[in-house]
Amino acid sequence: MKKYLLAIKNWLARLSFRTGVIVLALCVPCYIISFAQMLLPISVGAKSALWVVFFGLAKTFQYGGLTILGVEGYHRLRAYFSRKKHQHNH
């Protein structure tokens, strides 16, 4: 099992920075849907199932995106938002 997980991690790490950002961004709508669906007039069981599915997808996109980005990509993305915040304040 560890062999397969390592192979998946290595494959994800070879993907581009842009792909990592897109995958990471996909977690936001999944988080929103996972909680917003609680407002729907459906049974508690259906709400629970939808929450598990969409929250699980959000976490998968989050960790997958971070794996694709890696440490350097994470620092690059953080620096981008830091510059944007600095430009916005001045």
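Lys47 is buried, with a relative accessible area of 19%, where buried means under 20% relative accessible area, exposed over 50% and partly exposed in between (1.4 Å probe, protein chains only). Lys47 belongs to helix H4, residues 44-89; helices (H or I, at least four residues) and strands (E, at least two) are DSSP runs, numbered from the N terminus. Not counting residues up to four places away in sequence, Lys47 touches Gln37, Met38, Leu40 and Ile42, contact being defined as heavy atoms within 4.5 Å. Between the C-alpha atoms of Lys47 and Phe35, twelve residues apart along the chain, the separation is 9.3 Å.

The model is predicted: local features need pLDDT of at least 70, side-chain atom pairs count only at pLDDT 80 or more, and totals for chains, interfaces and linings use all residues. Residues are numbered from 1 along each chain as its sequence is written, and side-chain values use heavy atoms, with hydrogens and water left out.

Helix H3 contains Ser34, a residue that is buried, with a relative accessible area of 0%. A polar atom of the Ser34 side chain lies 2.8 Å from the backbone oxygen of Tyr31. Leaving aside neighbours within four places in sequence, Ser34 is in contact with Trp51, Phe54 and Phe55. Cys27, Cys30 and Ser34 are buried in H3. These residues cover an arc of only 60 degrees around the axis, which puts them on the same side of H3; the arc is that of the directions from the helix axis to the C-beta atoms.

In H2, the buried residues are Gly20, Val23 and Leu24. Seen down the axis of H2, they fall within an arc of 100 degrees, so they line one face of the helix.

Two packed helices are described by the angle between their axes and the distance between the axes. For H2 (residues 17-25) and H3 (residues 27-36), the angle is about 5 degrees and the axes are 4 Å apart. This makes H2 roughly parallel to H3, a description that applies to angles under 35 degrees. At this contact, Val23, Leu24 and Ala25 of H2 meet Cys27, Val28 and Pro29 of H3. By class, the contact has six nonpolar, no polar and no charged residues.

Ser16 is partly exposed, with a relative accessible area of 38%. The C-alpha atoms of Ser16 and Gln62 are separated by 16 Å, and the two residues are 46 residues apart along the chain.

Note on methods
Axes are lines fitted to C-alpha atoms, for helices over the stretch in contact, and angles run from 0 to 180 degrees between N-to-C directions. Angles under 35 degrees count as roughly parallel, over 145 as roughly antiparallel, 65 to 115 as roughly perpendicular and the rest as oblique. Ala, Val, Leu, Ile, Met, Phe, Trp, Tyr, Cys and Pro count as nonpolar, Asp, Glu, Lys and Arg as charged, and the others, Gly among them, as polar. A polar contact is a pair of N or O atoms within 3.5 Å; within protein, one must be able to donate a hydrogen and the other to accept it, and residues adjacent in sequence count only if both atoms are side-chain atoms.
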